[in-house]
Amino acid sequence: LWHQLAVKRCTDYKTCGSDGVDQAGRSKVNYDIFDLLALGNYQLTSGNCDAARGTVEKITAKMYVPMIQGSMRYAYKVQMLQGGEKEKAEGAAFAAAVLPRVHAESQSAASTIYNNLKVGAGSTDFKQV
């Protein structure tokens, strides 16, 4: 699921390819996650569990990239393309997925995302999201 979402979003944000500068192909975040999975596998098979925990945190952080991109994409669709209920619902779903992580870093940023993408939001400002 995340793999395909990352591929879909990389075409929107030109973050495809091993360098993250292409508009088609495998997402840069997928390259990074597969590299980290291989590293984590090595760390676990060699008994280095402490290092593997750090690698899991890096993988988890990277998994948020396509969800953040999705939030931004649907904010754009709602405001700039006059998106309907489907786009608003997808924006709300992506926002719900990223809000806890964003809130941990910035309560203000999480509030801005929530207010723009929540179900029933009066308006959406793509640039704020």
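These are my notebook entries on a predicted model of one protein chain.

**Entry 1: the whole chain**

I began with the secondary structure. The chain has five helices and zero strands. Read from the N terminus, the order of elements is α-α-α-α-α. I then looked up the extent along the principal axes. The C-alpha atoms fill a box of roughly 55 × 35 × 20 Å. Next I checked burial. Of the 129 residues in the chain, 33% are buried. I also looked up how far apart in sequence the contacting residues lie. Among contacts with a separation of 6 or more, 45% join residues 24 or more positions apart.

**Entry 2: helix α1**

Helix α1 covers residues 2-13, which is 12 residues. From its first C-alpha to its last it reaches 16 Å, close to the 16 Å expected at 1.5 Å a residue. Which residues of α1 are buried? I noted Leu5, Ala6, Arg9 and Cys10. Looking down the axis of α1, I find these buried residues within an arc of 135°, so they line one face of the helix. The spacing has a simple background. An α-helix has 3.6 residues a turn, so residues three or four places apart point the same way. On the other side of α1, I found Gln4 and Lys8 exposed. I then asked what the buried residues of α1 pack against. The partners are α2 (28-45), α3 (49-80) and α4 (85-105).

**Entry 3: helix α2**

I repeated the check on α2. This helix has 18 residues. Its reach from first C-alpha to last is 26 Å, close to the 26 Å expected at 1.5 Å a residue. The buried residues in α2 are Val29, Asn30, Asp32, Ile33, Leu36, Gly40 and Gln43. Down the axis of α2 they fall within an arc of 155°, so they too line one face of their helix. The face turned away from that buried side carries Asp35, Tyr42 and Thr45, which are exposed. The cover over the buried residues of α2 includes α1 and α3.

**Entry 4: α1 against α2**

Two packed helices are described by the angle between their axes and the distance between the axes. I looked up both values for this pair. The axes of α1 and α2 come within 8 Å and cross at roughly 145°. On the α1 side, the contact is made by Trp2, His3, Ala6 and Val7. On the α2 side, Val29, Asn30 and Phe34 make it.

I took a second look at Asn30, which is found in helix α2. Is Asn30 buried or exposed? Its relative accessible area is 4%; buried means under 20%, so Asn30 counts as buried. Leaving aside neighbours within four places in sequence, Asn30 is in contact with Trp2, His3, Ala6 and Val7.

**Entry 5: α3 against α4**

The crossing is left-handed. In α3, the residues that take part include Thr60, Tyr64, Pro66, Met67, Tyr74 and Val78. In α4, those that meet α3 include Lys86, Glu90, Phe94, Val98 and Arg101. The class count for this contact is 11 nonpolar, four polar and six charged residues.

I went through the backbone angles next. Most residues other than glycine have a negative phi, and most peptide bonds are trans. Phi of Lys14 is near 55°, a positive value in a residue other than glycine. With a relative accessible area of 48%, Lys14 is partly exposed. Phi of Gln82 is near 50°, again positive in a residue other than glycine. Gln82 has its place in the loop between α3 and α4. Gln82 counts as exposed, at 62% relative accessibility.

**Entry 6: Gly20**

Last, I looked up Gly20. Where does Gly20 lie? I placed Gly20 in the loop between α1 and α2. What does Gly20 touch, not counting residues up to four places away in sequence? I listed Lys14, Thr15 and Lys28. I also took one C-alpha distance. Gly20 and Cys10 are 10 residues apart along the chain, and their C-alpha atoms are separated by 8.3 Å.

How values were computed
Residues are numbered from 1 along each chain as its sequence is written. This is a predicted model: local features need pLDDT of at least 70, side-chain atom pairs count only at pLDDT 80 or more; totals for chains, interfaces and linings use all residues. Side-chain values use heavy atoms; hydrogens and water are left out. Helices (H or I, at least four residues) and strands (E, at least two) are DSSP runs, numbered from the N terminus. The expected span of a helix is 1.5 Å times one less than its number of residues. Buried means under 20% relative accessible area, exposed over 50%, partly exposed in between (1.4 Å probe, protein chains only). The arc is that of the directions from the helix axis to the C-beta atoms. Contact means heavy atoms within 4.5 Å. A crossing is left-handed if the near helix is turned anticlockwise from the far one by less than a right angle, and right-handed if clockwise. Ala, Val, Leu, Ile, Met, Phe, Trp, Tyr, Cys and Pro count as nonpolar, Asp, Glu, Lys and Arg as charged, and the others, Gly among them, as polar. Axes are lines fitted to C-alpha atoms, for helices over the stretch in contact, and angles run from 0 to 180 degrees between N-to-C directions.
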